[in-house]
Amino acid sequence: MILLDGAATAKSIKLEIASEVEALKKSGQKVPHLAAVLVGDDGASMTYVGSKVKSCEEVGFVSTLITRPSNTTEEELLQIVDQLNRDPEIDGYIIQLPLPKHINEHKILLAIDPEKDVDGFHPVNVGKMMLNLPCFLPATPAGIIELLRRYQVPTEGKHAVVIGRSHIVGLPVSVLLQRNAYPGNCTVTIAHSRTSDLKSLCKSADIVIAALGKPEFVTGEMIKEGAVVVDVGITRVVDASKKSGFRIAGDVNFAEVAEKCSFITPVPGGVGPMTIVSLLMNTLSAVKNHR
Ligand code: NAP
């Protein structure tokens, strides 16, 4: 079994990005500037945004964190989006999801300039992804694909089962896995909460992408010998033995599944760090595109 070490891979990609930033600086060009908008005080969102800002600093980007209270109105957030769209100093930005319930997420995402949409959630970028045109790919699916590429995981002709059909993970990773490219050329099945006999379906898969948000849902008996397993899940599970009072659990029962697979991602240290570097890579591309 080979561990798909997202933490180590992300570290080496960050070094590559940092050297590109250094080259930009040396040639007198502006360094990439990523902004992040956080509305409210959701603990997990604050942690994610904090890691994104820290990663920007590590690679030499400029970062701006805009925080607003949870009672911010939709109109106020649209004004922030408009300012970020028009600010020539900002190369790309993200609106951390989920937003408070009184704000229409679609309305906000539609207002983002697709050329600054480094999360790749705007319909223009989603449409371009479907047509295999250059675009910002959503960070988590792009991170998964990059991890498979870096470990030279065979994908052509393989049957991939993606568990989850969300717009930010399951659906886009399914699209990327079926593309005529490497990694890609898989025959993809998308599973969701209404899928019948998921166990047999998974058992027939050469590649399983677990993105459903149910801790340790994928067990050893669901996986065939030699399969590749990518665990996207991040769930906080109460754990009194931890100082924080919780631990992070993936969607895969690692101990059972690792024994059977050819490649597997750990949680933490698998897909999570790759998601952040994808965002950095998108921001670097935004700078190049703007020039
Ligand atoms: P989501 O929007 O809640 O979508 C979950 C998907 O899983 C849905 O399509 C749902 O089906 C499906 N599902 C739920 N229960 C199922 C079951 N018993 N059997 C089969 N399918 C089932 O979640 P998400 O945003 O895609 O995130 C999924 C997980 O990945 C979460 O743990 C999240 O925290 C994590 N995540 C991690 C990263 C990272 O960087 N590592 C990034 C994003 C998300 P229906 O459509 O039928 O409801």
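Glu146 sits in helix 6, which spans residues 139–150. The model is predicted. Glu146 counts as buried because its relative accessible area is 11%, under the 20% cut-off. Strand 5, residues 159–163, is mostly covered as well.

**Glu146 and its surroundings**
- Glu146 is in contact with Ile13, Met274 and Met281, leaving aside neighbours within four places in sequence.
- The helix that holds Glu146 is helix 6.

**Strand 5: burial and facing**
- Five of the five residues in strand 5 are buried.
- His159, Val161 and Ile163 point one way from the strand.
- Ala160 and Val162 point the other way.
- Both sets are buried.

**Strand 5 with strand 6**
- Strand 6 covers residues 187–191 and pairs with strand 5 in the parallel sense.
- Five bridges make up this pairing.
- Ile163 has Ala191 as its bridge partner in strand 6.
- Between the two strands, the chain passes through helix 7, residues 170–178.
- This β-α-β crossover is right-handed.

**Strand 5 with strand 7**
- Strand 7, residues 207–210, also pairs with strand 5 in the parallel sense.
- Here the pairing runs over four bridges.
- In strand 7, the bridge partner of Ile163 is Ala210.

**Ile163 in brief**
- Ile163 is buried and points the way of His159 and Val161.
- Its bridge partners include Ala191 in strand 6 and Ala210 in strand 7.

Methods:
Residues numbered from 1 in each chain as written. Predicted model: local features only at pLDDT ≥ 70, side-chain atom pairs only at ≥ 80, totals over all residues. Heavy atoms only, no water. Buried < 20%, exposed > 50% of the residue type's maximum accessible area, 1.4 Å probe, protein only. Pairing = 2+ DSSP bridges. Right-handed = clockwise from strand over helix to strand, strands pointing away. Contact = heavy atoms within 4.5 Å.
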